[in-house]
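Subject: Structure handover

Hello,

Here is the structure I promised you. Please open it first, then read my notes below.

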Amino acid sequence: MNAPRQLLRIQCIGCIARILGKPVQRVILPTGAHLQTPGSQHNYGQLLRPFHCSAVCSTSRPSRTQLEKTVEDETLNKDKSLVTHDDLFERAARDSKTKADFNRVVDVFSKKDIRRRGHVEFIYAALKKMPEFGVERDITVYNKLLDVFPKEVFMPRNFIQRMFNHYPRQQECGVQLLEQMENYGIMPNVETKVLLAQIFGEKSHPMRKYQRIMYWFPKFKHANPFPVPHVLPSDPVELARFSLTRIADDLDAKITIYQYPSTDITETGEEVMRPHIVGIQSPNQRSLLAKHNPCRPVFVEGPFPLWLRKTCVHYYLLRADPVPSEEKVEEEFDPEMMGPEQSLFYPQRLDLDLERDMGDDFRFDVDDVEEGPVYAMCMAGQADQVTLSQWISGLQETCPILGQIPTVFRLDSGPRELQTTSDAQQTPEQEVETDQITEEEPLHSQRVKQGSASVLRRPRVYP
Amino acid sequence: MSVSLGRNVFAPRVAQKGDCLHHFQSRRFIRSSARSLTYAKDLFLGKVNKAEVFPFPEISKEELEELNQLVQPVEKFFNEDVDSKKIDHEAVIPPETLNGLKELGLFGIQVPEEYGGLGLSNTMYARLGEITSLDGAIAVTLAAHQAIGLKGILIAGNDSQKAKYLPRLATGEHIAAFCLTEPGSGSDAASIQTRATLTEDGKHFLLNGTKFWISNGGWADIMTVFARTEVVDKDSQKKDKITAFIVERAFGGVTSGKPEDKLGIRGSNTCEITFEDTKVPIENVIGEVGGGFKVAMNILNNGRFSMGSAGAGMIKRLIELTSEYASTRKQFNRSLSEFGMIQDKFATMALNAFVMESMAYLTAGMMDRPGVPDCSLEAAMVKVFSSEGSWICVSEALQVLGGLGFTKNYPYERYLRDCRILQIFEGTNEILRMYIALTGMQYAGKILTGKIKEMKKGNVGVVFEILGKKLKDSVVKTVDFGLTGKDGVVHPSLTESAKMFEQNAAHFGSTVESLLYRYGKTIVEEQLVLKKVADVLINLYAMTAVLSRTSRSVSIGLRNHDHEVLLTNTFCKDAHFKNNFLLTQLQKNSPENNDANIKKIAQEVIAKRAYVCSHPLDRTF
């Protein structure tokens, strides 16, 4: 609410400054000190106040954490300033990595020094740590980071400054921050704009970057007609339902849950996992299957991968080989039912010896590759033949002919269960490796995670 | 009541008057026995068989007198004894009303006198239809009984079947129904699932299946049922073919479902009928086994023409009711009828009623001619035009009354609901448009195939001939089919309208040719093109009907014929420009044609099965 007004205010100040030919902020701003940017603890007054330091502020806070103390130490021992800001985060992350923790680090940094010494390094470090804390898709966090920049200082005040790259490092850092937002598909909001205007001014590079993002992002927001949500359903049945409807782009296709996941305890006391089996079949597929020649086998094939953002799921197909041309039965054409002057209301075809003129024939010359029909798809909690035959017997209820058709299972030795992000990218060799060296597992997954993060750094336009 | 009607209605005398018509009168008599010419179909070739439609068909003086004798009591009955509001509200026709209808003989209007019916011609049937249409439920009940229900026996039954069933049907003692539609088969007869199997002894058929939306289904005693039967064809292969049966409810195994609760024609009875091992003797096959298709087609194709007069009857009544209101109701110190927009509505109603009437009686007259007339195309056009015209007119009439028309205190809302069915039953208008366009295309295609093939081969002679003709057409703008002028059949006061018609007819012929050239037999798939073709043809036929009717009226000096001239000229001008636009749209690469976009919109919507656009208030940032 406050933000647009603030923006307007900045512009006004700019105007007055230009008219008067001297900086007026000092005169005006302290009076407007009550105007705070939303979500930020600071105001102009604080900025302009002389060298009172944040240590005073932080003592006034009720609870002082270990973290704050370390920061204070750092502040006091200026010669140790080479300590990287990564350390700050590492230390904060010792027990937990949450948004609150991340915000605390940022707060502490902002409070510790009125001059915000080393803020560029801090912001770079924070940007790098964001995915770790799981805040890489949080616009408020980006705004908070942006708020770390001191206001007004980097604004060009005369035409020469405006002409040249004023405070290039800071501007570059601002652009970098926006770029990370862009890569994660986070759209800046008005608060971002206000902050950028306060920090760098109206015509700075970060502002330009912001404007470009705001030009393209809305245009591309719905470019993907089949969006995948950022948070996938955690229930494997729901996930399977989502994935299967995504593959089978047919509104008539019906999902059948053949088995819910459950755990049974047998008489001997053993725990038996009953995996979920979720299948999809459209009415057309059903009627095709009903017409299948029982002498020819059908195949259960899989697992085939389907990637949903960082998650990989696997599905299985029930398919058959293409029908050989000699077995194809021409659709019986009954002249009585279909012929000219014969069908009840109007002729279904004309008895004429005239073809469509070439000039009106807009069909493309397409070479059709004959493919076998796919009769159904499923996803299952286990990739063994037993589970999949349960699916086939479930299908038999609607397609009794399946009982007479020989069913061949052609299964690759795929994963045994739904994969998580980390093991999704493992090759079979890696799987063996992990089996052998279990202690290294955390480290290993860490590495893979970084790998997947590198994939994510590619521009991604669908938020 | 029993009115003696000793007329053979199948040979109505065509008495012709008027000087300008004389020439054709003599020619008509020469070929009156064998009718080989067709009117609407020949329009596809760019030919106008004026002998078919000029002069406007008449009935003889005696026939007219008898008809008037019959009309009066029927009109009185409908005005006094039929409580349409109650019928609509209670969704049932009271037995007294039904008995009254039976006494008037309205259940056997077209059944020959020897079987106890009134034995009226199609023309006279149409006249009675004008009155019965004042109550939609009664009109539909009567139509389901005799226009389709017993029509099978009448046109395709043998003598013993006729003798056995018609007398009791004609008096209304038995009520008939027509059972064709099935749950899985509306317009698509190929998917009829009801099956009739021959019993061991070969004397009966066992009928099994369900029929849907059967008018009179709840109380019909005699039903014309269509079912699949196994027939051995000439290659001694077994095949399924459709056979028509006369089924009595008394045969057993016939159950009717609950009557449907409908939007309009609520008093009529519509329900589902189930046959379960109904034993039908083989004598009850209509026509021959496996010949059910022809029977069904004939029944359906010939039952439609009367909808024109029915619609006209209804609109005429509405004009009386609304003009009364519009003249008395004052707004801003002026009566409603003085406002241009209200006048517009009355003109629309009058024009529509006039055109419908003309088309209906022209078609009925053509059907009454000796020989075996094929007027199915014309009948379908009458049905399409009048069902859509009625809907518009009833809606306009209601609009004149504003909010009052919307209440149940006035009959308008009932008329509106009742006449909605006209566009749906007896073949939906979409299907009939396909029928109209494709039948004509088939006919024209047969004749034009050779010529078009020559053109495609690049035969220089043919190409030049066509180019020459086109050049001539563009230089000499006038087309002359001989409607006007010295030996003209159209009255001189209508010359301008006749010229417009001729222009359209000629243009239509060449358009059909180019469409055949472009699409060949794949035109079946071009429904949007066919719709336009059908619309042009309907307009052309409507123009013909009004020109013919008014020419006669002026020539013999009917009362208020000047008003008819006015209506004719107005309608023809309107239709002419509509046709011009439609024909322009049918040209290749015509900028007026939006079909590709229309198809695309529909495809995108249907792919989503929802409205595609985002909400106008949605935001992306």
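I start with a surface feature. Phe159(A), Ile160(A), Met163(A) and Phe164(A) make a nonpolar surface patch of about 490 Å². (Patches take residues with over 30% relative accessible area and no salt bridge; like charges are joined within 9 Å, and nonpolar side chains, meaning Val, Leu, Ile, Met, Phe, Trp and Tyr, within 5 Å.) Accessible areas come from the Shrake-Rupley method with a 1.4 Å probe, and for residues only the protein chains shown count as cover. Phe159(A) sits in helix H10 of chain A, residues 159-163. Its relative accessible area is 58%, so Phe159(A) is exposed. (Buried means under 20% relative accessible area, exposed over 50%, and partly exposed in between, with a 1.4 Å probe and protein chains only.)

Some ground rules. This is a predicted model: local features need pLDDT of at least 70, side-chain atom pairs count only at pLDDT 80 or more, and totals for chains, interfaces and linings use all residues. Residues are numbered from 1 along each chain as its sequence is written, chains are lettered from A and ligands numbered from 1 in the order written, and side-chain values use heavy atoms, without hydrogens or water.

Chain A in outline. It has 20 helices and 8 strands. (Helices are DSSP runs of H or I with at least four residues, strands are runs of E with at least two, and both are numbered from the N terminus.) Of its 463 residues, 41% count as buried. The accessible surface of chain A is about 27000 Å², and 54% of that belongs to carbon and sulfur atoms.

Now chain B. UniProt, in an unreviewed entry, places "domain: Acyl-CoA dehydrogenase/oxidase N-terminal" at residues 65-173. That span is 70% helix and 0% strand. (UniProt positions follow the numbering used here, feature names are shortened, and annotations may be inferred rather than shown by experiment.)

Helix H21 of chain B covers residues 561-585. It reaches 36 Å from first C-alpha to last, close to the 36 Å expected. (The expected span is 1.5 Å times one less than the number of residues.) Its buried residues include Phe571(B), His576(B) and Leu583(B). The buried residues of H21(B) pack against helices H13, H14, H19 and H20 of chain B. (Contact means heavy atoms within 4.5 Å.)

(A salt bridge is a side-chain nitrogen of Lys or Arg within 4 Å of a carboxyl oxygen of Asp or Glu.)

- Lys456(B) pairs with Asp357(A), closest N and O atoms 3.7 Å apart. Lys456(B) is in helix H17 of chain B and Asp357(A) in a loop of chain A, so the pair joins two chains.
- Arg433(B) pairs with Glu388(B) at 2.9 Å between the closest N and O atoms. The pair links distant parts of the chain, helices H17 and H14 of chain B, 45 residues apart.
- Glu502(B) pairs with Lys499(B) at 3.4 Å between the closest N and O atoms. Both lie in helix H19 of chain B, 3 residues apart, about one turn. Glu502(B) is buried, at 0% relative accessible area, whereas Lys499(B) is partly exposed at 30%.

Best wishes
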